[in-house]
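Biologist: I would like to learn how to read cavities and strands in a model. Please take one feature at a time.

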Amino acid sequence: MKFPPQALTRLTLLLSLGLGAASAQALDWTGYFRAGPGLTSNNASRACYALNGGSSGMKYRLGNECDFYGEFQLSQGFQKDGVDYRVTLMTNHWTGATDTNGKGLAIEQMFAEAKGFDIAPNATFWIGKERGRRGDVHIVDTYFTEMAGVGAGVKGLDGGPGKLGVAFYKTETSAVKPGHRANVEWVDIAANDEGKLNIFLTATKGSFDGGTSGLGVALRHDQAKLFGTGLSNTLWLQYAQGSAGLNSNFGDLGAGSSAKSYRLVESIGWQDGVFGGQAMLLLAKETDAAGKSTKSLSIGGRASYGMSRHFKLVSEIGVSQYKPDGGTTARLTKFTIAPTLSIANDFWSRPEFRLYLTHARWNDAAGNVTGQAAFADKSSGTSAGAQVEWWF
């Protein structure tokens, strides 16, 4: 849903004033953004490096983001007769280059939710456009679980050892063929000491001539302390068939039952004194409606080391590859080093003010991983720049 920037600015201001007048409770304002300039070798425009095939989640993002992106959320809570209810509006902006001349502002989320109804006092009911359940690996900026869309549902129902949720979504934009989706989640199931299991089920249907059905299942295990140490760990096992997506969202709503996808994602995180980081291993196999399969592999990590209270050295390396049936393996290796200023020297502290130097190499099968004409016959590239990343 897109509006002119002036219209969205007025809408956001009016909502802020209206909500503030309606309740004495504080208006919550949160957000995220990243921006900054960059230079690239070969007299090219600023370039980033990503494989143009294989599974999602294979672009390591430190010093490898050429866009200008921000999202800003207003949320206001109310309470009456024992019911807590809240309205949320999030706008965002994305430009694929340095300058802010892209698509303008768009509505990312706009929904209402309430908790405390006497029929299910611990459950939260919601209706609108929202992101739903999400789960990501930060260093690749990919949500491997993302139940986003326009819909309605309930979450937090008592489900024995965990919590249950059910949601229904509908899509019918001009850019996407119409369809509907049902999600069921069973989350926070105590599985072992400091560990919890989450189960997600997905059913999809294309609502047009030629539209197909799809089913998906995903398991996610979250371990707060791995082997009793300060390490944390998240493991995904995902399967989707037909028109369902691996991320518990819509896939190709015209894909038949021969389309099948599998994915394993292992992510580990740590903070030991001034040394912190995150690493990931991804294995995937995706078969399209024509029966052609592509196997993907990615392994990489980012580490930070605090040199002083507000200064840390951050580095990242990632190797990704995919191989289609009967084809040649496409491979990309990318390395970045980034001296960084931050409010603290741990891995997750933000904002970060970075200078970065990135070098990437790829083989012929990967093609032009930058999409720029200046790299049409190249197999390596170097970029440098500055970036701020901030969530609040």
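Modeller: The structure holds one cavity of 30 Å³ or more. This is a predicted model, where local features need pLDDT of at least 70, side-chain atom pairs count only at pLDDT 80 or more, and totals for chains, interfaces and linings use all residues. Residues are numbered from 1 along each chain as its sequence is written, and side-chain values use heavy atoms, with hydrogens and water left out.

Biologist: How is a cavity found, and what volume does the largest cavity have?

Modeller: Rolling a probe the size of a water molecule over the atoms shows where empty space is left. Here a cavity is a set of points, on a 1 Å grid over the protein atoms alone, where a 1.4 Å probe fits but cannot get out. The volume of the largest cavity is about 50 Å³, counted as the space filled by probe spheres set on the points, which are joined across faces, edges and corners.

Biologist: Which residues line the largest cavity?

Modeller: Lining residues have an atom within 4 Å of a point; among them are Y49, M58, K59 and L332. β18 gives the most, with three residues.

Biologist: How do the side chains along strand β7 point?

Modeller: In a regular strand the side chains alternate between the two faces of the sheet. In β7 (residues 134-137), G135 and V137 point to one face and are buried (under 20% relative accessible area, 1.4 Å probe, protein chains only).

Biologist: Which residue stands opposite V137?

Modeller: T142 in β8 does. β7 and β8 pair in the antiparallel sense over four bridges; pairing needs at least two DSSP bridges, and strands are DSSP runs (E, at least two residues) numbered from the N terminus.

Notes: 1 Å grid on protein atoms, 1.4 Å probe; cavity = no way out; pocket = protein on both sides within 12 Å on 5 of 7 lines; lining within 4 Å. Buried < 20%, exposed > 50% of the residue type's maximum accessible area, 1.4 Å probe, protein only.
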